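Here are some notes for a first look at this structure. Please keep the model open while you read them.

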Amino acid sequence: EVQFLLDHRCNVYGTDRLVKKCLAEFQGPALYSQNNAKFTVDDWTGIQTLYRSVKKNDPLKVGKFGIGFNSVYHLTDLPSIVSDKHVVFLDPLETHFNRGRPGRRYALNVEGQDFRFADQFSPFNVLGCDIEKLSYDGTLFRFPLRNSPSDLCKNVWTPSRVCELFESFKTDAHLVLLFLKTVETITLYEWLPKKAKPQEVFRVELSEDTKSEVRQRKREFLQQIK
């Protein structure tokens with residue numbers, strides 16, 4: 001199962017208790033993606049490399065043709081990930097952490113509970129993720145929307161522009177499921193200003209009476225292209 005959340009809200013998360021003051025600009029509107037699988041060691045290694053992919057030898061994994069994780073840099077300059085026992089911030093421009101360090105990793109059992117940085121980690125308490133726990137049994141991505149052009153990308157994104165992506169996705173969502181290796185449910189949420197919690201706006205899933213057949217056909221297809 002995969003979930004997407006568009007958080008429209010501004011000035012909700014604090015900016016006083018951050019790892020660095022320059023990170024305050026990323027406390028606003030963001031797009032989240034969540035799935036119920038933990039990152040593997042190879043996933044952690046590959047995703048921290050901006051222009052290379054450890055998936056190049058596996059044609060069944062997204063990324064071989066440059067359409068994998070690097071595409072998120074159209075939306076954001078500082079993607080972050082929570083999975084298992086870690087929180088990772090990716091900084092390919094090396095502007096928000098130390099020069100020569102394209103990101104930083106934190107252990108949930110230390111920094112996640114550190115009151116000094118409480119504001120930094122509070123945006124991750126969504127879609128079932130509790131940042132105060134010692135581990136997270138899944139993977140949560142957070143993509144703060146770019147609000148001004150940067151050296152990484154000139155595209156500026158607003159919540160309304162992401163809503164257009166949601167609407168476009170809804171049109172073909174029933175077909176998308178047929179081409180995903182393991183995903184059988186996709187849910188879209190929006191968190192609007194002044195609302196107490198996110199609202200589900202769309203959901204697509206394989207029906208119970210078709211799951212077995214679809215799974216079998218996917219297995220057959222994957223065997224043919226190996």
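1. One cut-off first. A residue counts as exposed when its relative accessible area is over 50%, as buried when it is under 20%, and as partly exposed in between. Keep in mind, too, that this is a predicted model.

2. Start with Asn11. Is Asn11 buried or exposed? Its relative accessible area is 79%, which is over 50%, so Asn11 is exposed. Asn11 sits in the loop that runs between strand E1 (2-7) and strand E2 (30-35). Its backbone deserves a look as well: phi is positive, at about 55°, although Asn11 is not a glycine.

3. Glu94 belongs to the loop between strand E4 (86-90) and strand E5 (103-107). With a relative accessible area of 22%, Glu94 is partly exposed.

4. What is the order of its strands? It reads E5-E4-E3-E6-E2-E1-E7-E8. The sheet is open, has eight strands and shows mixed pairing. E5 and strand E8 (199-205) stand at the edges. Each has a single partner strand, so one side of each is left without a neighbour in the sheet. On average, neighbouring strands are turned by 15° against each other, direction ignored.

5. A helix lies against this sheet. Helix H3 packs on it and touches E1, E2, E7 and E8. The direction of H3 makes about 160° with that of E7.

6. Look next at E4 and its two partners. Strand E3 (residues 80-84) pairs with E4 in the antiparallel sense, over four bridges. The two form a hairpin with one residue between them. Within this pair, Ile81 stands opposite Val88, and Val82 stands opposite Val87. As for the faces, side chains in a regular strand alternate between the two sides of the sheet.

7. E4 also pairs with E5, again in the antiparallel sense, over five bridges. Leu90 has Gly103 in E5 as its bridge partner. Why is E4 described as largely enclosed by the rest of the structure? Because four of its five residues are buried.

8. Last, the surface. Leu175, Leu178 and Phe179 form a nonpolar patch there. Together they have about 340 Å² of accessible area. Leu178 is placed in the loop between helix H3 (159-176) and strand E7 (185-191). Its relative accessible area is 43%, so Leu178 is partly exposed.

Notes. Residues are numbered from 1 along each chain as its sequence is written. This is a predicted model: local features need pLDDT of at least 70, side-chain atom pairs count only at pLDDT 80 or more; totals for chains, interfaces and linings use all residues. Side-chain values use heavy atoms; hydrogens and water are left out. Buried means under 20% relative accessible area, exposed over 50%, partly exposed in between (1.4 Å probe, protein chains only). Two strands pair if DSSP finds at least two bridges between them. Patches are made of residues with over 30% relative accessible area and no salt bridge: like charges are joined within 9 Å, nonpolar side chains (Val, Leu, Ile, Met, Phe, Trp, Tyr) within 5 Å. Accessible areas come from the Shrake-Rupley method with a 1.4 Å probe; for residues, only the protein chains shown count as cover. A salt bridge is a side-chain nitrogen of Lys or Arg within 4 Å of a carboxyl oxygen of Asp or Glu. Axes are lines fitted to C-alpha atoms, for helices over the stretch in contact, and angles run from 0 to 180 degrees between N-to-C directions. Contact means heavy atoms within 4.5 Å.
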